[in-house]
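This report looks at a few helices and at some of the residues in and around them. Please keep the sequence and the structure in view while reading.

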Amino acid sequence: PFSIHLAEKQTYYIRVSSVHPIELPISIANAKEENSNYFQQHFIIGIYLGIIISFFLYNAFLFFSTKDKNYLFYIIYLVFLGFAQITYAGWSFKYFWPSQPSLNFYALAFTSDIAGITGVAFGKLFLNAAQFTPKLNKVLNVLIGIYILSLIFICINQSFLSYTLLNANSVLVGIFLLITSIVILRKGYRPANFYLVAWSFFLLGLIVFALRNIGIIATNNFTRSLLYLGSAVEAILLSIALADRINILKKETIVLQAT
């Protein structure tokens, strides 16, 4: 709490050190405003988690019903995507390992790298990248390898190298998955349409996230929530895309059986 009288000036120094990329917006607010902001942030994250958990359960049920590998990769991706988001928000430390702060050294990079690996693996499988675009499929394999390298660096306490690779690779993954979905869509593969729209929403959130972190746009509740919004919309649209893909396969099977 600050004890400052009207027209009085005081100087405060804050020293911050972190091995992780750090977001430190500074503001002064009264208790009512601070509690309102705190509630808004938790409300947004709570809705986001509700969406992720709901679609995890929905797609897990479909996986056990259909045994389709796409659903398996997708639900693994959802788990680590959700975990990465709540770890970044500080919830993992607050609720899962409050007495183990050393875990945070590994947690954010680990969950983000695994989310990246499973996300690219799901995209490759869903889009049939090996069949439609063998060259781009090889590029995506290299990007998975970079995520693995980032994991190795965080495990040997090289956090700067790990986060540098993670951040740069995430940008490349966003670009190349977008290009891959466009190329495959132009070849007439209908499921790529849903994937392109879903990934575009998530990529928009990532762009705002990056611009906010380097100070080009302001840090506020709106810019904080855009990544959650893009991620949630992506989860919903990809679930629709998976259902549509299954329907297409069923129709093709019926046509083949009829002939």
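A residue is called buried when its relative accessible area is under 20%, exposed when over 50%, and partly exposed in between, using a 1.4 Å probe and protein chains only. Serine 92 has a relative accessible area of 0% and is therefore buried. This is a predicted model, in which local features need pLDDT of at least 70, side-chain atom pairs count only at pLDDT 80 or more, and totals for chains, interfaces and linings use all residues. Residues are numbered from 1 along each chain as its sequence is written, and side-chain values use heavy atoms, with hydrogens and water left out.

Serine 92 lies in helix α3 (residues 91-95). Helices are DSSP runs (H or I, at least four residues), numbered from the N terminus. Contact means heavy atoms within 4.5 Å. Apart from neighbours within four places in sequence, serine 92 is in contact with Phe83, Ile86, Thr87 and Trp97.

Two helices can be checked for length.

At the start of α1, a side-chain oxygen of asparagine 30 comes to within 3.1 Å of the backbone nitrogen of lysine 32. Just after α1, lysine 67 has a positive phi of about 60°. Among the buried residues of α1 are Ile45, Tyr48, Leu49 and Ile52. Tyrosine 58 is also in α1, but with a relative accessible area of 39% this tyrosine is partly exposed. Tyrosine 58 touches Ser239 and Ala243, not counting residues up to four places away in sequence.

How do α1 and α2 pack? Helix α2 covers residues 69-88, and the axes of α1 and α2 are 9 Å apart at an angle of about 165°. Axes are lines fitted to C-alpha atoms over the stretch in contact, and angles run from 0 to 180 degrees between N-to-C directions. Angles over 145 degrees count as roughly antiparallel, and α1 and α2 are therefore roughly antiparallel to each other. Residues of α1 including Phe55, Phe56 and Thr66 meet residues of α2 including Tyr71, Leu72 and Gln85.

In α6, the buried residues include Leu136, Asn137, Leu140 and Tyr147. The buried residues of α6 pack against α4 (104-127), α5 (129-132) and α7 (159-186). After α6 comes asparagine 157, with a positive phi near 65°.

Note on methods. A polar contact is a pair of N or O atoms within 3.5 Å; within protein, one must be able to donate a hydrogen and the other to accept it, and residues adjacent in sequence count only if both atoms are side-chain atoms. Angles under 35 degrees count as roughly parallel, over 145 as roughly antiparallel, 65 to 115 as roughly perpendicular and the rest as oblique.
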